[in-house]
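Here is a short briefing to read alongside the model on your screen.

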Amino acid sequence: SLMPKDLGVCMYEPGSDGKIINYLTSPAIVSSELVARWSAKELLEHVARHEPPFHALIDTGALVTGMDNLEVAEVLLECLPVWFEAVVYLDSADRSMAIVGRT
């Protein structure tokens, strides 16, 4: 399930899956870049410093390896513009967590 466990069972209305796929593949909403050589940390730094800024990172291909979600959140918060106040992530139990402020 894509939903955090804390939210319980989700009952999608008919057509919701199609709408989600439509939005996540729409060039008006989603963008992509081909980067020749990169590491997981460099990818996170690139995403965090992108202009215009991204407001979500969905790692469906598990490109960010060697770090847990908290470590990813810490790298992102360190690199994001100062007006970003927090990074939300899922912990190992699929609970929504937030890391707030600068370290």
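The notes below go from the overall fold to single residues.

This is a predicted model, so please read every value as computed from it. The protein has 3 helices and 2 strands, and they follow the order α-α-α-β-β along the sequence. Of its 103 residues, 20% count as buried.

**Overall shape and surface**

- The C-alpha trace spans about 40 × 30 × 30 Å along its principal axes.
- Take the contacts between residues at least 6 apart in sequence: 39% of them join residues at least 24 apart.
- The accessible surface comes to about 8,200 Å², and carbon and sulfur atoms account for 59% of that area.
- On the charge side, there are 7 positive and 15 negative side chains, and the centres of the two sets lie 2 Å apart.

- Tyr 12, Ile 20, Tyr 23, Leu 24, Ile 29, Val 30 and Ile 58 make a nonpolar surface patch of about 690 Å².
- One of these patch residues, Ile 29, sits in the loop between helix 1 (16–24) and helix 2 (40–48).
- Ile 29 counts as exposed because its relative accessibility is 55%, and the cut-off for exposed is over 50%.

- Setting aside neighbours within four places in sequence, Leu 44 is in contact with Leu 57, Val 64, Met 67, Val 72, Val 75 and Leu 76.
- Thr 25 is 19 residues from Leu 44 in sequence, and their C-alpha atoms are 21 Å apart in space.

**The loop between helix 2 and helix 3**

- Phe 54 is found in the loop between helix 2 and helix 3 (69–79), and Pro 52 has its place in the loop between helix 2 and helix 3 as well.
- A cis peptide bond joins Glu 51 to Pro 52, with omega at about -5 degrees.
- For background, most peptide bonds are trans.
- Phe 54 is partly exposed, with a relative accessible area of 27%.
- Not counting residues up to four places away in sequence, Phe 54 touches Ser 31, Val 47 and Phe 84.
- Glu 71 is 17 residues from Phe 54 along the chain, and 19 Å separates their C-alpha atoms.

**The salt bridge**

- How many salt bridges does the structure hold? There is 1, and it is formed by the side chains of Asp 91 and Arg 95, at 2.7 Å from N to O.
- Side chains of opposite charge can pair when their charged atoms come close.

**The loop between the strands**

- Asp 94 is placed in the loop between strand 1 (86–90) and strand 2 (96–100).
- The phi of Asp 94 is positive, about 65 degrees, although this residue is not a glycine.
- Most residues other than glycine have a negative phi.
- With a relative accessible area of 28%, Asp 94 is partly exposed.

Terms used: Residues numbered from 1 in each chain as written. Predicted model: local features only at pLDDT ≥ 70, side-chain atom pairs only at ≥ 80, totals over all residues. Heavy atoms only, no water. Helix = DSSP H or I, 4+ residues; strand = E, 2+ residues; numbered from the N terminus. Buried < 20%, exposed > 50% of the residue type's maximum accessible area, 1.4 Å probe, protein only. Contact = heavy atoms within 4.5 Å. Areas by Shrake-Rupley, 256 points an atom, 1.4 Å probe, with all protein chains shown as cover. Lys, Arg positive; Asp, Glu negative; His and termini not counted. Charge placed at Lys NZ, Arg CZ, Asp CG, Glu CD. Patch = residues over 30% accessible without salt bridge, like charges linked within 9 Å, V, L, I, M, F, W, Y side chains within 5 Å. Salt bridge = Lys/Arg side-chain N within 4 Å of Asp/Glu carboxyl O.
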